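Take a look at the model below.

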Amino acid sequence: MKLLLVEDDPAMQLTLARAFERRGMQVVSCGDGLRALDRWQASLPDVVLLDLSLPGLDGLDVLQQARAAGLKTPVLILTARGTVGDRILGLNSGADDYLPKPFDLDELEARVQALARRAGSESAGGTRPGREFCGMSLDADSGAIYFQGAVLELTPREGALLRALLARPGHAVAKERLFELVFQGEPDVQIEAIEVVVYRLRKRIAQTGAQLVTLRGLGYLLKAGA
């Protein structure tokens, strides 16, 4: 199971990430509301754990934008805002569950597992829709990328980069943001390393007709070839 953890408290983020990783789950962490939606689209989580009090963009705004963009991943809100009114507001904004802080880790895990099972049963018999662009399609369940029905052979870093670009084809994605997604958890890697992954991915997708364009000072974007 893959979790997206959106929590701005570094200590809480680290504690939760380690707790879920010890339980065999893969955790993608984000502490900024402005970047949460991009992380969501790029990582394709099974469940999102979302704090409400975030820098840059409030958690409820992140949730509303995600639902408006068609992202249907189950969301469990984690917050110190424990009033009934806050809970109703969160659920009405598209959350699937709500757990006020402080909470018990075992209860949190049980709720996460319940949300994942519910989502799995609802999508049984079919594959969650993914993005399609220039003959490439993204399987939202496995994260695999196909071209004309065949799996594109990509390294994990190339796959992470392409998934991030497929989330917003035709739009520039900042170099720094792509670096965080591709090299997450690798603090010793320099940001220039993303250029090597971009170079290799260009060759991988040449057959599709899509172009990976460098925009100096802005980042990279994926566009259809002429």
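Among contacts in the protein between residues at least 6 apart in sequence, what percentage join residues at least 24 apart? The figure is 56%. Contact here means heavy atoms within 4.5 Å.

This is a predicted model, in which local features need pLDDT of at least 70 and side-chain atom pairs count only at pLDDT 80 or more, while totals for chains, interfaces and linings use all residues. Residues are numbered from 1 along each chain as its sequence is written, and side-chain values use heavy atoms, with hydrogens and water left out.

Start with the whole. The protein has eight helices and 11 strands. These are DSSP runs, numbered from the N terminus: helices are H or I with at least four residues, strands are E with at least two. The protein has 226 residues, and 42% of them count as buried. Buried means under 20% relative accessible area, exposed means over 50%, and partly exposed lies in between (1.4 Å probe, protein chains only). The accessible surface is about 11300 Å². Carbon and sulfur atoms hold 50% of that surface. Such areas come from the Shrake-Rupley method with a 1.4 Å probe, and for residues only the protein chains shown count as cover.

Two or more lining residues come from each of β2 (26-30), α2 (33-43), α6 (156-166) and α7 (175-182). Helix α6 gives the most to this lining, with four residues. By class, the lining of the second largest pocket has eight nonpolar, three polar and four charged residues. Here Ala, Val, Leu, Ile, Met, Phe, Trp, Tyr, Cys and Pro count as nonpolar, Asp, Glu, Lys and Arg as charged, and the others, Gly among them, as polar. Domain 1 (2-122) and domain 2 (132-224) each give at least three residues to the lining of this pocket. The domain bounds come from an automatic or database domain assignment.

A pocket and a cavity are both found on a 1 Å grid over the protein atoms alone. A cavity is a set of points where a 1.4 Å probe fits but cannot get out. A pocket is an open set with protein on both sides within 12 Å along at least five of seven lines. Lining residues have an atom within 4 Å of a point. Grid points are joined across faces, edges and corners, and a volume is the space filled by probe spheres set on the points.

The structure has one cavity of 30 Å³ or more. The largest cavity has a volume of about 50 Å³. Its lining includes Asp-38, Gln-41 and Ala-42, along with Arg-177 and Leu-181. Helix α2 supplies the largest share, three residues. The lining of the largest cavity divides into five nonpolar, one polar and three charged residues. Again, domain 1 (2-122) and domain 2 (132-224) each supply at least three residues of the lining.

Stay with helix α2 and look at two of its residues. Ala-36 sits in this helix. Is Ala-36 buried or exposed? Ala-36 counts as buried because its relative accessibility is 0%. Leaving aside neighbours within four places in sequence, Ala-36 is in contact with Leu-4, Val-6, Cys-30 and Val-62. Arg-39 is also found in α2. Arg-39 has 8% relative accessibility, so this arginine counts as buried. Not counting residues up to four places away in sequence, Arg-39 touches Leu-4, Val-28, Ser-29, Cys-30, Glu-180, Leu-181 and Gln-184.

Last comes the backbone. Most residues other than glycine have a negative phi, and most peptide bonds are trans. Leu-44 is not a glycine, yet has a positive phi of about 50°. Leu-44 lies in the loop between α2 and β3 (47-51), and counts as buried because its relative accessibility is 19%. Cys-134 also has a positive phi of about 50° without being a glycine. Its place is in the loop between β6 (132-133) and β7 (136-138). At 24% relative accessibility, Cys-134 counts as partly exposed. The peptide bond from Lys-101 to Pro-102 is cis, with omega near -5°. Pro-102 is in the loop between β5 (97-100) and α5 (105-122).
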